[in-house]
Amino acid sequence: MSRIFTFLLLSVFLFFAPSITNAQNRPYDNGEIMVLSKGAFQSDNYYSNNSFKESTQHNLSTLFRYGLAKNFQLQFGWSAQKDKTDIKNVSSETANVGLKIHLTNDSKFLPALSAVISTNLTFDPDKNPFSPSINMLYEKYISSNLNLNGNFQLTLNEQSGDFRTNYAFNLEADVTNWQTTYVGLRGNSDPFQKEGSTYQQHLEIGMLFWVYDGIVLYPFYDIGLNDSSGDIFNLGALFTLGK
């Protein structure tokens, strides 16, 4: 019942929010197609709380972006995760570096495309194997304030040879010129394979709020659609220097 109430509350807020100024685009790399301009810097900072039946996950993550040249962006990411159960607490950290390339603009028949090529950083490949990744991003405008966007990501575990997949498909609207909102489906392979399921799937609803020039708040909520997918509350804060 609490999940349904949360979803309805967010939905009502999306469609009845008031209007101000300053439109925003979805920034995170499963939706944002553009790269930063040369010399610009952005920091994306997120907290998430993932609730399963038997455990709770707390996550902190930061993504630093730098506009390297026209259509090219350097990225450095860091994330930490804490799994809490009745028996024990387990913590882990990871870092990665990547290059984002803007490939094509939105045209009459084809979507805009970008790609992120990245890998994790590791000093112990046996415990934390290198995992190169390619993430293809797409965006197609339906009207001046409505678009479809998302991604498909493939990650290789070099030690085992296994692939991990991530995907997202979103319908996004500029509700006002200070708020953007979206609803979509996202999923990924689940390395823990809880209850015999190998994939996590979520219904995601989110918003971006312009606060001040260069400052955006980004709350979003994931509703688990199968047994291996817990509900996730996420809150992001985005800071940009330069244009």
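**Salt bridges in a predicted model**

Me: What relative accessible area does D106 have?
Reply: This is a predicted model, where local features need pLDDT of at least 70, side-chain atom pairs count only at pLDDT 80 or more, and totals for chains, interfaces and linings use all residues. Residues are numbered from 1 along each chain as its sequence is written, and side-chain values use heavy atoms, with hydrogens and water left out. Buried means under 20% relative accessible area, exposed over 50%, partly exposed in between (1.4 Å probe, protein chains only). D106 is partly exposed, and its value is 31%.

Me: Which residue forms a salt bridge with D106?
Reply: A salt bridge is a side-chain nitrogen of Lys or Arg within 4 Å of a carboxyl oxygen of Asp or Glu. Here the closest N and O atoms are 3.0 Å apart, and the partner of D106 is K140.

Me: How many residues apart are D106 and K140?
Reply: D106 sits in the loop between β4 (89-104) and β5 (112-121). Strands (E, at least two residues) and helices (H or I, at least four) are DSSP runs, numbered from the N terminus. K140 belongs to strand β6 (residues 133-143), and the separation is 34 residues.

Me: Is E204 buried or exposed?
Reply: E204 pairs with R186 in a salt bridge at 3.3 Å, N to O. R186 is partly exposed at 21%. E204, at 2% relative accessibility, counts as buried.

Me: Which strand holds D222?
Reply: R186 and D222 meet in a salt bridge at 3.0 Å, N to O. R186 lies in strand β9, so the pair ties together parts 36 residues apart in sequence, D222 being in strand β11.
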